[in-house]
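Morning, everyone. I have one model to show you today. Please look at the screen.

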Amino acid sequence: MSVYKEYSLLMYIFCNNTHHDDGQFDRNEVVLYVFCRVLGSPTLYLSHDLTSVQHNSTFFIFFSTLLSFVPSAYCIFLSLSLSAKMSQVVATRSFHSSLTRPTSGSAHHRLLTSLKPPTFASKVCPQQRNAPSKVRYPSCRVNARKSAPAEVVPVSPEDDSKIEEELQQLRGMQLLGDTAVGMWSKPTFRRKTKIVCTIGPSTNTREMIWKLAEAGMNVARMNMSHGDHASHQKVIDLVKEYNAQSKDNAIAIMLDTKGPEVRSGDLPQPIVLTPGQEFTFTIRRGVGTADCVSVNYDDFVNDVEVGDMLLVDGGMMSLVVKSKTGDSVKCEVVDGGELKSRRHLNVRGKSATLPSITEKDWDDIKFGVDNKVDFYAVSFVKDAQVVHELKNYLKSCDADIHVIVKIESADSIPNLHSIITASDGAMVARGDLGAELPIEEVPLLQEEIISICRSMGKAVIVATNMLESMIVHPTPTRAEVSDIAIAVREGSDAIMLSGETAHGKFPLKAVKVMHTVALRTEATITDGRLPPNIGNVFKNHMSEMFAYHATMMSNTLGTSTVVFTRSGFMAILLSHYRPSGTIFAFTDQKRTQQRLALYQGVCPIYMEFSKDAEETFTRALDLLQKLGMVKAGEEVALVQSGKQPIWRFQSTHNIQVRTV
Ligand SMILES: Nc1ncnc2c1ncn2[C@@H]1O[C@H](COP(=O)(O)OP(=O)(O)O)[C@@H](O)[C@H]1O
Ligand SMILES: C=C(OP(=O)(O)O)C(=O)O
């Protein structure tokens, strides 16, 4: 016997709430419309003038009781405030078992037709005009002509002093603990796409971590292929120190495992390889001569075949395998260059037969647990099993760390769906991906991985070579700028800098360029960017439904969204619906604030919650105003939903539109 959830709609419709002939809609109409769009069910309309259903317990109990006679009821209360300060929808649920699921397609259709003013649909979901009973989602629209002059900070090679000036100004503001009303305290809050910075020799000092954070870094990544625990510990401590002293910013910490990567050994000095030259890789340890170097992987000789193409650093140099002995692989150099110590080796089209999590990785993972990092980026994941194994391990040590799978192995491609399903997100690790697979597959896979993650509600990061030329040059190539814009348009949560910030000459400029390009690109994305099937995945669940409707509402009204969350679940959910406005996520958990830094459009704010919801809402809105993130008189959509109820009955959820 199936248990069905059905919907019953109980509405208080404020008598003056008729739609306007001029095609303009007020927030009450929006609230009403978005909730009617997908709820096909027995519906009871009541005209009543209430200030707040939630606070009117007599009405709430009365109608809940009334609806308890209706089998399988989901009750939606719409309250439209006379004071014009607030409109809200409250939903409560009562589950009943039912043998049949009453279909109400025609009632639903009638409901939609009667409630939907003709021009409203074009404002919310333009393509649905002729198919009101079917839920479809708007696709990404890009208006290249739309500009956002106030948002764009030009970047030029000469702007180092400008960056410094801006940072000084920001730091000054912070020290004073004051921010002017009407402006953002940090430029980074306006950007939705987050920036991951790899920390290395160029940036592992207190000064540089601070500067990166103030310039726009959202996540600090430590690559465990380099450095040792002591050097990574120092970076973690610095990031935590920054977070502890920052009133309005938090940087997440990501530990990237080394994985079963194959690298050449140490060399006393770089070797120049010339095309046609013979060169040997050996599994013997400690070899580093002009024509032979060690490889750190014992099965290397077994895994490669005569005729295979070996790529150094993703193709910077290449060698074809000519012959093999018991411990060596003889090659001929195809594309030459300078071979330095510990370089990446890939065999085109093949993954190494090593486990995804090596002994060293487990050691590093334990280091991450001890240091309470926020994310693991797991290298060379080939199947979902390894993700389950890691998640089980984390559960056993009660560690709340999210797992991002790096898609970079040829073997991972047939298992993309199951791998991403098992994880909390994915990284398009284009370096190794473009070495193990033909390079022309990379943009297609990037698009596909982003699309899979978006439709599953998982985080997605695009990584590698985004501003590669800025490792040595102060300005990017135009192709790199376009690459960032594409990743933003495709809807990735975050974009990543590797060598640019780890060992580059212009780490701050690279962050600034990324920030500016992302911001400019985001300003051209004019309407919702819901992935094609996210609604179908989510629509049966209360929180998902509220996230969807809150997004519709905030998009239509042009408001930001305010959400209160302990675990971060509801903020992450809202982020996946990609509302046009910022998601201000208030949390009373520092860990949650830190983790939310990765998610597109989420501005995480730490605040202690008080027992009284109203008092907390007021404090939150006051804080946003003080930080210059909202202005007095501005409307915001406020969502109370999610897995952990805060100030609501176990089964009630609500959305409000409030005026600050
Ligand atoms: N913690 C570190 N210590 C020293 N060097 C580092 C560190 N992290 C990164 N690097 C340098 O920055 C380069 C680019 O970083 P990344 O892309 O993460 O590494 P890789 O491409 O080697 O996997 C590395 O090749 C290495 O030279
Ligand atoms: C991000 C990547 O991984 P790593 O930097 O560890 O090589 C990549 O291969 O693109």
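Which residues are exposed on the other side of α10? Asn 392, Lys 395 and Ser 396 are.

Some ground rules. This is a predicted model: local features need pLDDT of at least 70, side-chain atom pairs count only at pLDDT 80 or more, and totals for chains, interfaces and linings use all residues. Residues are numbered from 1 along each chain as its sequence is written, while chains are lettered from A and ligands numbered from 1 in the order in which they are written.

Now the whole chain. It has 660 residues, and 45% count as buried. There are 21 helices and 28 strands. Helices are DSSP runs of H or I, at least four residues; strands are runs of E, at least two; both are numbered from the N terminus. Take contacts between residues at least 6 apart in sequence: 72% join residues at least 24 apart. A contact means C-beta atoms, placed from the backbone, within 7 Å.

Back to helix α10, residues 384–396. The buried residues of α10 are Val 386, Val 387 and Leu 390. They cover an arc of only 100° around the axis, so they sit on the same side of α10. That arc is taken from the directions from the helix axis to the C-beta atoms. What covers them? The cover includes β19 (375–378), β20 (402–407) and α11 (416–422). After α10 comes Asp 398, with a positive phi near 55°.

Next, the strands. β15 (residues 317–324) and β16 run antiparallel, joined by six bridges. They form a hairpin with three residues between them. Val 320 has Glu 332 in β16 as its bridge partner. β16 (residues 328–335) is also joined to β12 (residues 278–282), antiparallel, by five bridges. There, Thr 280 stands opposite Lys 330. Pairing requires at least two DSSP bridges between two strands.

Last, ligand 2. What surrounds it? The shell includes Asn 223, Asp 256, Glu 408, Arg 430 and Asp 432. A shell residue has its C-beta atom, placed from the backbone, within 6 Å of the ligand. Helix α12 (residues 430–436) gives the largest share, three residues. By class, the shell has two nonpolar, six polar and four charged residues. Nonpolar covers Ala, Val, Leu, Ile, Met, Phe, Trp, Tyr, Cys and Pro; charged is Asp, Glu, Lys and Arg; polar is the others, Gly among them.

Conventions
Buried ≥ 20, exposed ≤ 12 C-beta atoms within 10 Å, placed from the backbone. Contact = placed C-beta atoms within 7 Å. Expected span 1.5 Å × (residues − 1).
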